[in-house]
Each structure stands twice: as structure tokens, then as C-alpha cells.
Amino acid sequence: MLTGELFVEEGLVSTDQLQLAVSKQIENGGTTPIGNILVELGLISERDKVKCMGKVWGIPFFDVREFKPKEEMLDLISPQLARKFLCLPLDAQGRRLLVAMANPLDVFVIDELRSHTGFEIEPLIAVEEDLLNALGIVYNGGVVTAELMGVMKDFGTEDTAKEDEKADAESHEDAPIIRLANLIITQAVKDKASDIHIEPRKEELIIRYRIDGVMNEVMRLPKKVIPPLTSRFKIVANMDIAEKRVPQDNRISAVIGGREFDFRVSTLPVVGGEKIVMRVLDKGGISIGLEKLGFLKHNYDMLKDFASRSYGIVLVTGPTGSGKSTTLYSLINETNDGLKNIITIEDPVEYEIDGINQCSVNVRAGMTFAAGLRAMLRQDPDVIMVGEMRDNETATIAMEAALTGHLVFSTLHTNDAASAPTRLIDMEVEPFLISSSIVGVLAQRLVRQNCPNCRIEYEASVAELVRFGLPVPDGLGDDTGGMVTLTKGRGCDTCKGTGYKGRSGVHELLFMNDEIRDEILQRNPAHVIRSLAMKAGMKSLQMDAMAKILMGSTTVEEILRVIYA
């Protein structure tokens with residue numbers, strides 16, 4: 001039976017409508033399949049077309065929207081192969097594997113799947129868009145698959161063309177787009193993500209979480225969810241949903257699992273829509289002490305001494321995302337004994353701490369770091385925290401405050417501790433202020449820790465460590481034939497197969513002495529200051545990292561990625 005006649009027999013189109021499609025097919029040169037033309041004319045749906053094609057070819061149709069994934073089946077075909085061939089493993093019956101495919105007549109794909117899985121492949125035909133949606137959901141890196149499948153199935157029944165227009169009026173929590181937005185946020189909290197990235201692409205929407213400093217793709221969603229999902233997050237963050245040409249930012253507060261969270265929301269117009277990034281701030285997660293940040297004993301003792309000073313400035317340096325804010329808050333907590341007046345100025349206030357007066361920068365209102373710092377000095381402070389030294393005026397005021405009997409904590413963007421004085425000189429801060437006010441500079445990075453659930457030991461060559469450029473301690477491996485025992489994570493469900501769970505700091509702590517002060521006054525470069533600090537006992541980032549490799553906290557590969565890359 002001809003395909004066109006089957007559409008009539010199935011009651012999908014009338015004879016006149018079929019004739020109209022045939023005329024259109026002739027106009028197009030006769031190469032476009034009649035089913036495609038009927039879909040273009042809006043006479044049938046893509047699903048109707050696929051069902052009929054299956055009947056013509058004698059291949060059963062499978063509705064992927066009803067698919068309930070089985071872990072053992074998904075393990076048979078890798079996500080890369082499934083996306084490449086647009087196929088989805090459904091069930092095994094003996095030595096036969098049922099596979100939903102967009103093109104079940106492709107014998108080359110079937111041969112490849114047979115070779116890859118060891119099963120005889122029985123193809124079922126499915127709608128291509130449904131397959132793409134399902135692949136993005138089931139191979140999602142850890143999101144609750146069944147819940148997401150249910151949300152997307154319900155979303156498919158909505159009038160999505162109107163969803164964006166009514167998003168601001170949507171209030172009931174059972175709406176699919178609201179459930180999807182809630183799922184994205186709650187899963188990020190469950191996975192301990194620090195950031196949520198919602199990235200529109202030409203044909204789909206990609207959701208990625210930054211977990212332990214590394215980006216992880218967790219969902220691929222159909223293009224149709226982009227407008228309503230973007231509107232939903234902008235509404236909750238109290239943004240203008242009609243403005244799509246300029247960046248916006250605000251924040252969301254929510255209670256998830258009985259804990260308070262803030263989400264700093266930022267939008268950016270990109271090709272394909274608006275990219276949304278949400279920084280996840282756990283209000284209860286910052287109340288940790290210095291002892292939990294991974295400091296080795298000599299650094300820990302010295303930093304405790306800095307926090308007990310009555311005046312001077314302590315700087316924490318490192319790139320974005322290196323944990324500077326967490327260290328600052330921990331230092332502030334160390335001094336917060338109820339006997340001091342502690343004031344902070346931040347951009348913005350990320351975590352609220354009891355017993356501390358916290359101010360937020362508001363440039364439009366004239367509340368800059370410098371202006372806020374001047375006002376704070378009239379509030380009789382004992383301890384001051386400045387979120388970041390960005391300019392000469394802020395740095396100068398902070399250092400003058402440190403010289404007049406205040407303990408000041410702040411951050412600076414430099415790659416190591418010895419570069420901090422030269423960076424301040426570049427900002428045109430007077431060298432005498434720098435040398436007189438700074439008591440210490442802490443540089444740090446965050447590295448992923450070995451997963452405690454799947455950590456194993458292995459033997460490594462000391463020569464290999466030397467070849468990587470790691471500062472190997474003298475005599476290491478001498479009594480074991482040049483071999484040393486290290487640890488790594490094998491990969492398990494707890495760490496989602498990465499071998500890592502959680503992060504810890506790698507540090508170097510520069511203690512200011514008279515020799516270093518003299519070099520700063522002479523405006524000498526960072527390498528001179530670094531050399532003097534090392535002679536005075538400073539352990540470099542690389543040395544601290546090597547100690548943590550030998551302790552079994554992390555791996556060589558992670559240290560090379562974070563510190564040497």
C-alpha cells in the first residue's frame with residue numbers, strides 16, 4: 001500500500017487533502033516524501049507520520065514519552081553513541097535488545113549497535129524530537145530521571161506557545177514549567193553545586209552545574225522550554241521579563257530541605273536566548289572554622305596568630321572561585337567573640353552572620369567600597385572586612401585604618417602571595433603604607449578531594465612525580481626502591497563516577513618580616529619577595545599541594561589541573 005493511501009485509510013486526511021499534498025510534492029520536484037509535506041501543511045502531526053511509516057515498513061512504533069528508563073539497559077549503550085545514532089535501549093528479551101530509533105532502516109547503525117552491545121538488535125521506530133528529549137533526560141548525569149520524565153511529559157501536553165505569555169500569571173505549583181524550575185534548583189542543592197548554568201542553544205537547552213569547581217552537564221531539554229523557563233526564573237528573581245536585550249541581576253531566597261538558600265541570579269543575552277547563571281549560597285554552610293579549610297599545622301597556627309592581632313591587614317589572594325570569601329568569613333568568625341565591633345562591606349553580602357554588621361555596596365546610590373569604608377571608620381570598629389580591594393582609594397583607606405589600630409581583612413586578585421605587594425604598588429598605593437600595614441598574605445586554591453567511599457591506594461614512581469615538576473621531598477622513596485604509595489578515587493555512585501567528593505584548600509602564607517618590608521620600600525619585583533619569604537619558612541602552593549598528595553587527600557592529576565595548568 002502506498003504511504004499516501006495509508007494516511008487516508010487511517011482517517012488522518014481526506015482524499016482532497018492528500019491530492020493537495022501530492023500537488024505540492026510535484027511543485028517541489030517530487031523528491032520530498034508525502035508524509036513530510038502533510039506535516040508542513042499542518043494536516044497531520046509528526047507523530048502520525050512516524051506511526052504510518054512504521055506500518056509501511058512493518059516496524060512497531062514506540063512512544064518514547066511513555067519510556068521508563070532501566071539502569072541496566074542504559075548501561076548497554078553509552079550516551080555518546082546513543083546521541084550519535086539517535087537511539088534509546090528499551091528492554092532485553094533473551095539475546096534480543098529492543099531499541100527505539102529515529103531511522104530503523106539504517107543497517108549500518110544496527111550493525112554498530114550489535115557489535116557494541118553483543119545483542120541482536122530489534123529496532124522500533126520513534127519520533128526524532130521525542131528521542132532527542134528523552135536522551136537529554138535519561139543520560140543526565142544524576143538528575144532524578146523519573147521525575148524529570150514526568151515533568152516533560154506533562155509539559156508536552158501544555159499549550160507551550162502561550163506558556164511564555166502567561167508565565168507571570170502562573171501561580172499553581174503543579175504547572176509543569178514551575179515543577180521543572182523547582183527540580184533544577186533542588187537537584188543543584190542536592191548535588192552541592194556552587195553555580196547553575198542555564199544555556200540556550202540553537203536546538204536545545206543545556207543545564208550545567210558547577211560541582212567542586214568543575215562544570216557538569218546534567219540535562220538537555222527541548223528548545224520549546226527556553227522561553228517559559230527563562231521567564232519563570234526572571235519572575236521569581238523579580239526581573240523584567242519583557243527586557244531581553246540587556247543583562248539583569250537580582251537574587252532569589254528559598255528554603256530547601258529545611259535550610260535557607262540564596263540564589264544570585266544573572267541573565268546575559270546570547271545567541272539563542274538569555275543565558276542564566278545562579279550562584280548557590282547556603283546561608284548555613286559558611287559557619288565553619290579555619291580548622292576545616294585544609295590548612296597544614298604551620299599555616300594554621302600562623303593564621304590564628306594573624307586573627308588574634310589588634311591591628312594590621314591580612315590579605316587573601318587567588319583567582320575567582322578559589323575560596324577567598326569562605327576563608328575571610330572563617331577569619332571573621334575566629335575574631336567574633338562578642339567583645340569586638342566587627343563591620344564588613346561586601347559586593348554583595350553573600351552570607352549573613354550573627355553578631356556582625358554587614359554592609360552591601362550600592363554604586364548607584366554612592367555606596368562604593370571607599371565611601372562605605374570611610375563611613376565604617378566613624379562607627380568605632382575593631383575589626384573590618386573589605387570584600388575586595390579594587391582601586392587605589394579603597395586600598396589606601398584600608399591600610400591607613402590598619403595603621404590606626406584596626407584589624408582589617410580583605411582580598412586581592414593575584415596568583416601567589418608574593419605578588420600582592422607588587423600588585424598594590426601597581427595600583428599606586430604608597431610602598432610605605434604596604435610595608436607598614438600588611439602582617440601577612442595568604443594565597444590559596446581549591447582542589448577536589450578523593451572520594452572517601454571509593455578511595456584506593458596505588459604505587460607511583462617518584463621519578464614520575466619529579467617529571468611532572470612536583471617538589472618531591474628529599475629522600476622520598478629511598479627505602480621503597482623509588483616508589484611511593486598514593487591514593488585516588490576509583491569512581492562510585494557517591495561521587496558520580498568522578499573519584500572526587502568535596503574540595504579543600506591548598507595554601508601558601510607569607511609572613512611579613514623586616515627584610516621583605518625593605519624590598520617593598522625599594523619597589524623590588526615579586527620574585528625577590530618570594531625568595532626571601534621561602535628563606536623565612538614559607539611553604540609554596542606547590543609544596544603544600546605535594547604534602548596533600550602524600551597525605552592521600554587529593555591526586556597528582558588534580559594538583560596539575562588546578563595549580564600547574
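**Close-up views of sheets and helices**

View 1. Strand E15 is joined to strand E18 (residues 500–511) by 10 bridges, and the two run antiparallel; helices (H or I, at least four residues) and strands (E, at least two) are DSSP runs, numbered from the N terminus, and two strands pair if DSSP finds at least two bridges between them. The model is predicted: local features need pLDDT of at least 70, side-chain atom pairs count only at pLDDT 80 or more, and totals for chains, interfaces and linings use all residues. Residues are numbered from 1 along each chain as its sequence is written, and side-chain values use heavy atoms, with hydrogens and water left out. Val447 has Ser504 of E18 as its bridge partner. Strand E10 (residues 312–317) runs parallel to E15, with five bridges between them; here Leu315 is opposite Val441 of E15.

**View 2. The buried side of helix H15.** In helix H15 (residues 369–377), the buried residues are Phe369, Ala370, Gly372, Leu373 and Met376. These residues lie on the same side of H15 because they cover an arc of only 165° around the axis, the arc being that of the directions from the helix axis to the C-beta atoms. Their cover includes strand E11 (342–346), strand E13 (383–386) and helix H16 (392–403), where contact means heavy atoms within 4.5 Å.

**View 3. The three-stranded sheet E1-E2-E3.** This open sheet has mixed pairing and the strand order E1-E2-E3. Strand E1 (87–93) and strand E3 (120–125) are at the edges, each with a single partner strand, so one side of each has no neighbour in the sheet. From one strand to the next the twist averages 30°; axes are lines fitted to C-alpha atoms, for helices over the stretch in contact, and angles run from 0 to 180 degrees between N-to-C directions. Six bridges link E1 to strand E2 (residues 96–101) in an antiparallel arrangement, with Pro89 opposite Val99 of E2. Helix H7 (residues 107–117) lies across E1, E2 and E3, at about 135° to E3.

View 4. Ile198 stands opposite Ile207 in E5.

Notes. Buried < 20%, exposed > 50% of the residue type's maximum accessible area, 1.4 Å probe, protein only.
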